[in-house]
Amino acid sequence: MTKYDINNDHNLRSFIVEGKLEMPFDDFEEKVMDSIDKEVVNTIRLKKLISKSWLFYIVGLFFGLFSPTLINYISFPVGVNKNMVVLVFQVIFALAALFFLEKLIRITFKKIN
Amino acid sequence: MNDQHYIEQVLRGDNSAFRYFIQQYKDMAYSMAMSVLKDEYVSEEVVHDAFLKAFKALPNFKGKSKFSTWFYRIVVNESLKRQKSERFWKQRVATIDEQTIGRIETDLKEYELEERKLYIQKVLKLLPPKESLALQLFYLSDYPIDEITQVTGWSTSNTKVILHRARKSFYAAMKEHVGEKIYQLL
């Protein structure tokens, strides 16, 4: 008895080829192309939004860095330690700057990949 | 024109060039999704999502394998994600001797093509996902074993085992579910 060889099973091959399925939905191609067009539009929109986000981040960073200087020109009520106000402001600013930087980097690289 | 030409066109910004891939691979992708999911509508959704995923990931396609291999891997992964349970399929063990297989082959050949096609499609729907998928890839796509391993992530020996088991299951299911009809008509 000869050993069965999957590579030379012509009967099974012809049966499987005959039973080949075809996509039964006629509008499938259009549906995929529509989704692709929407995806492209969304990607362009998202890229613009990311660019704007970076721009506003840099503008915010610029103002944030110069704000302590401005605080010096503000007159505070007696008993309020001006240096403490500046310090609190700087800590909050640094945390916010790092938080948004991480978010921006994440969303930018997610878009690229 | 080969796949590479259209890949370059898509990467240059001509999105309509992607239509070529849809026309070229939708039927095989649908067959593969049907092998795993056994449902027309879910399979259509999965193939749709796979094409969209392939479009988005095309800039990352390095050309180390054929586009079809890369794309079918996406289809298989998406299908497996949507597959609800494999427990049902694990219970099925086909036992059939070579003589019976030979008889079924002869009987099947006596049918009109359309009728035979319906029987085969019905039986493929009854096979466990892995076995049906292996048959489609090996006999329909003409993929060698090593390329099937790339698409499915199975090992070489596992692929061979699945293929052998798939053949037995195919004829056992043919005998069990279609056989009665065949012998009534003969």
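## Exercises on a predicted model

H2(B) and H8(B) are roughly antiparallel to each other (an angle over 145 degrees). This is a predicted model in which local features need pLDDT of at least 70 and side-chain atom pairs count only at pLDDT 80 or more, while totals for chains use all residues. Residues are numbered from 1 along each chain as its sequence is written.

**Exercise 1.** Determine which residues make the contact of H2(B) with H8(B), and how they divide by class.

*Solution.* Begin with the geometry: the axes (lines fitted to C-alpha atoms over the stretch in contact) of H2, residues 19-37, and H8, residues 129-140, of chain B come within 7 Å and cross at roughly 155 degrees. Next, list the contact (heavy atoms within 4.5 Å). H2(B) contributes Met28(B), Ser31(B), Met32(B), Ser35(B) and Val36(B); H8(B) contributes Pro129(B), Ser132(B), Leu133(B), Gln136(B), Leu137(B) and Leu140(B). Finally, classify them: seven are nonpolar, four polar and none charged.

**Exercise 2.** Describe the elements and the dimensions of chain A.

*Solution.* First, the elements: chain A has three helices (DSSP runs of H or I, at least four residues) and zero strands (E, at least two). Second, the dimensions: its C-alpha atoms fill a box of roughly 105 × 40 × 20 Å along the principal axes. Third, the radius of gyration over C-alpha atoms is 31 Å, whereas a compact globule of 113 residues would have one near 13 Å (2.2 Å times the number of residues to the power 0.38).

**Exercise 3.** State what share of chain A is buried.

*Solution.* Apply the cut-off for buried, under 20% relative accessible area with a 1.4 Å probe.

Notes. Chains are lettered from A and ligands numbered from 1 in the order in which they are written. Side-chain values use heavy atoms; hydrogens and water are left out. Axes are lines fitted to C-alpha atoms, for helices over the stretch in contact, and angles run from 0 to 180 degrees between N-to-C directions. Angles under 35 degrees count as roughly parallel, over 145 as roughly antiparallel, 65 to 115 as roughly perpendicular and the rest as oblique. Ala, Val, Leu, Ile, Met, Phe, Trp, Tyr, Cys and Pro count as nonpolar, Asp, Glu, Lys and Arg as charged, and the others, Gly among them, as polar. Buried means under 20% relative accessible area, exposed over 50%, partly exposed in between (1.4 Å probe, protein chains only).
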